[in-house]
Amino acid sequence: MAKLALVATIMACMVIVGSHGQATLSCDQVTVWLLPCVSYAVLGGNVSQLCCQGIYSLNKGYKNGDDRRSACQCIKDRAALIPGIDYKRVNQIAGLCGTKCPYKVYPTTNCSKVQ
C-alpha cells in the first residue's frame, strides 16, 4: 500500500512538472469563449455580455506565458478567417468589458513575443 501511495505521489509530481511551461488552453476552447465577440468585431455596436464572459474566462484560463502565446496565435489565425473583421474593434473588446488583454491582435502580431 505504501508503494502505491509513493507511485501515485511521484506520478502527480510528474504531471505538475510536466504541465509547467506548456500551454494548457486549446484553440477550440479559446474559440468557444470568444465566438460571441465576432459580431462586435465585424459589425460594431455593443459588446455582448456573453462576449465579456468569454474574455473573463480566457483571462482566468491563462496559467503561464505559453497559454498567452498559444491563445494569441489562435485568435490571430482564426480572426484572419473572418471576412470584414476590424482589428481596432478586436483590440477594444477587453477594455469595453472592463478588463485587459496581455497582447494586441493584428495580422502582423508576433505571438511568440507575448509574455
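Start at Asp86, which counts as partly exposed at 25% relative accessibility. The model on screen is predicted.

**Stop 1: Asp86 and Arg89**

The side chains of Asp86 and Arg89 meet in a salt bridge, with N to O at 3.9 Å. The cut-off for a salt bridge is 4 Å. Arg89 is partly exposed too, at 22% relative accessibility. Partly exposed begins where buried ends, and buried means under 20%.

**Stop 2: Asp66 and Arg69**

Select Asp66 and Arg69. Here the N to O distance of the salt bridge is 2.7 Å. Both residues lie in helix H5. They are 3 residues apart, about one turn of the helix. Asp66 has a relative accessible area of 23%, so it is partly exposed. Arg69 is partly exposed as well, at 26%.

**Stop 3: Asp28 and Arg78**

Now pick Asp28 and Arg78. Their closest N and O atoms are 3.6 Å apart, and the pair forms a salt bridge. Which helices does this pair tie together? Asp28 lies in helix H2 and Arg78 in helix H5, so the bridge links parts that are 50 residues apart in sequence. Check the surface at both ends. Asp28 is exposed, with 54% relative accessible area. The cut-off for exposed is over 50%. Arg78 is partly exposed, at 35%.

**Stop 4: the largest nonpolar core**

Hide the charged pairs and turn to the core. The largest nonpolar core has 27 residues. Select Val30, Leu34, Ile55, Leu58, Ile75, Ile93 and Tyr103, the residues with the most contacts inside this core. Then colour by helix. Six helices to show are H2 (27–34), H3 (38–43), H4 (49–61), H5 (65–79), H6 (87–90) and H7 (93–96). Each of them supplies at least two residues of the core. Which helix gives the largest share? That is H5, with 5 residues.

**Stop 5: Leu58**

Centre the view on Leu58, one of the core residues with the most contacts. Leave aside its neighbours within four places in sequence. What is Leu58 in contact with then? Show Leu25, Val30, Trp33, Leu34, Ala71, Ile75 and Tyr103: Leu58 is in contact with each. Among these partners, Val30, Leu34, Ile75 and Tyr103 are also on the list of residues with the most contacts inside the core.

How values were computed:
Residues are numbered from 1 along each chain as its sequence is written. This is a predicted model: local features need pLDDT of at least 70, side-chain atom pairs count only at pLDDT 80 or more; totals for chains, interfaces and linings use all residues. Side-chain values use heavy atoms; hydrogens and water are left out. A nonpolar core is a set of buried Ala, Val, Leu, Ile, Met, Phe, Trp, Tyr and Cys residues joined through side-chain atoms within 4.5 Å. Buried means under 20% relative accessible area, exposed over 50%, partly exposed in between (1.4 Å probe, protein chains only). Helices (H or I, at least four residues) and strands (E, at least two) are DSSP runs, numbered from the N terminus. Contact means heavy atoms within 4.5 Å.
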